[in-house]
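Please consult the sequence and structure shown here alongside the text.

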Amino acid sequence: MNCSQKKTIMTVKLLKYLPLVFAFTLVVNCKHEAKKTDSKNVATTIFYNGDIVTMEGDTANYVEAIAIKDGVISKVGTENEVMTFKGDATTLIDLEGKTMFPGFIDAHAHFFGFGPQASGANLLPPPDGGIQSIDDLISELSSWATPENIQLTGWIYGLGFDDSQLAEKRFPTKADLDKVSAEHPILILHISAHFCVMNSKALELVGITKDTPNPEGGIIRRMPNGKEPNGVLEEMAAIPYIAKAITPKTPENLAKQA
């Protein structure tokens with residue numbers, strides 16, 4: 001067999017396998033295109049391994065994992081379902097059994113005060129409460145001040161009074177709060193959370209006297225024509241003491257504000 005004949009036979013054999021080569025190339029190209037298309041859905045971040053609450057429906061709805069794509073939720077479901085959106089650049093966040101909720105946007109609602117508001121004396125005006133006068137406020141605090149309630153923090157406390165909605169159109173003073181108790185410290189928080197009022201026992205406990213100067217950024221209101229504190233504290237004269245009055249002293253009591 002001469003050289004020309006050998007080349008002819010080799011060519012025929014190669015042609016026999018050309019369809020397979022073409023098919024293989026087509027499959028590789030298709031897979032490449034599919035991968036390119038799927039990359040559009042690759043998650044930026046995936047959260048998993050926690051109690052993820054979607055807040056959809058009338059009852060708690062939990063999922064195993066959630067995928068985020070460029071700041072937008074792109075998939076929720078089982079961990080296996082969501083992990084199909086994982087790419088090389090995806091950040092995986094293991095919640096380690098913690099609970100995950102949708103984001104809360106606080107429109108200046110003083111979210112920290114919801115627990116104390118629910119557990120303390122309700123001093124809000126109508127329609128959220130019933131306080132329309134200083135007598136109403138004194139009555140509400142007196143009714144609330146049971147031994148069980150006082151032991152929550154060691155203080156008698158209430159939240160939400162609004163001087164502009166009281167019949168007297170003024171702030172309560174320590175003299176008003178002393179009618180509730182002279183034995184236990186009392187603090188009431190203004191609806192703005194920028195003012196509070198203390199009774200005489202509370203002022204004594206925190207060390208505010210006629211000789212106490214106004215702190216920077218705060219005002220200790222005084223009795224007419226004198227330096228004696230009248231119980232009303234503004235801004236930084238009030239804020240450091242608010243947590244002292246409304247924060248439970250034990251984990252068990254703290255749970256009652258949750």
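## Surface patches

Patches are made of residues with over 30% relative accessible area and no salt bridge, where like charges are joined within 9 Å and nonpolar side chains (Val, Leu, Ile, Met, Phe, Trp, Tyr) within 5 Å. Accessible areas come from the Shrake-Rupley method with a 1.4 Å probe, and for residues only the protein chains shown count as cover. A salt bridge is a side-chain nitrogen of Lys or Arg within 4 Å of a carboxyl oxygen of Asp or Glu. The model is predicted; local features need pLDDT of at least 70, side-chain atom pairs count only at pLDDT 80 or more, and totals for chains, interfaces and linings use all residues. Residues are numbered from 1 along each chain as its sequence is written, and side-chain values use heavy atoms, with hydrogens and water left out.

On the surface, Met 55, Phe 101 and Phe 104 form a nonpolar patch with about 380 Å² of accessible area together. Phe 104 lies in the loop between E5 and helix H3 (114-119); helices (H or I, at least four residues) and strands (E, at least two) are DSSP runs, numbered from the N terminus. Phe 104 is exposed because its relative accessible area is 65%, the classes being buried under 20%, exposed over 50% and partly exposed in between (1.4 Å probe, protein chains only). A negative patch is formed by Glu 64, Glu 79, Glu 81 and Asp 94. In this count Lys and Arg are positive and Asp and Glu negative, with His and the chain ends not counted; a charge is placed at NZ of Lys, CZ of Arg, CG of Asp or CD of Glu. Glu 81 belongs to helix H2 (residues 79-83) and, at 39% relative accessibility, counts as partly exposed.

## Strand pairing

Two strands pair if DSSP finds at least two bridges between them. Strand E1 (residues 45-53) is antiparallel to strand E2 (residues 62-69), with six bridges, and Ile 46 has Ala 67 in E2 as its bridge partner. E2 is in turn joined to strand E3 (residues 72-77) by five antiparallel bridges; here Ile 66 stands opposite Val 76. E2 and E3 form a hairpin with two residues between them, and Asp 70 in the turn has a positive phi of about 55 degrees.

An open sheet of six strands has the order E6-E7-E8-E9-E11-E10 and mixed pairing. Its edge strands are E6 and E10, each of which pairs on one side only. E6 runs parallel to strand E7 (residues 156-161) over two bridges, with Ala 121 partnered by Gly 158 in E7. E10 and E11 form a hairpin with six residues between them.

## Backbone geometry

Most residues other than glycine have a negative phi, and most peptide bonds are trans. Asn 225, which is not a glycine, has a positive phi of about 60 degrees. Asn 225 sits in the loop between E10 and E11 and is exposed, with a relative accessible area of 87%. Glu 96 likewise has a positive phi, near 55 degrees; Glu 96 occupies the loop between strand E4 (91-94) and strand E5 (99-100) and is exposed at 58% relative accessibility.

Which residues does a cis peptide bond join? The bond lies between Pro 126 and Pro 127, with omega about 10 degrees. Pro 127 is found in the loop between strand E6 (121-122) and helix H4 (134-144).

## Salt bridges

A search of the whole structure finds six salt bridges. In one of them, the side chains of Arg 170 and Asp 176 meet at 3.1 Å, N to O. Arg 170 is partly exposed, with a relative accessible area of 34%, whereas Asp 176 is buried, at 7%.

Another salt bridge brings together the side chains of Lys 174 and Glu 228 (3.2 Å, N to O). This pair links distant parts of the chain, with Lys 174 in helix H6 (residues 174-177) and Glu 228 in the loop between E10 and E11, 54 residues apart. Lys 174 is buried, with a relative accessible area of 14%, while Glu 228 is partly exposed at 36%.
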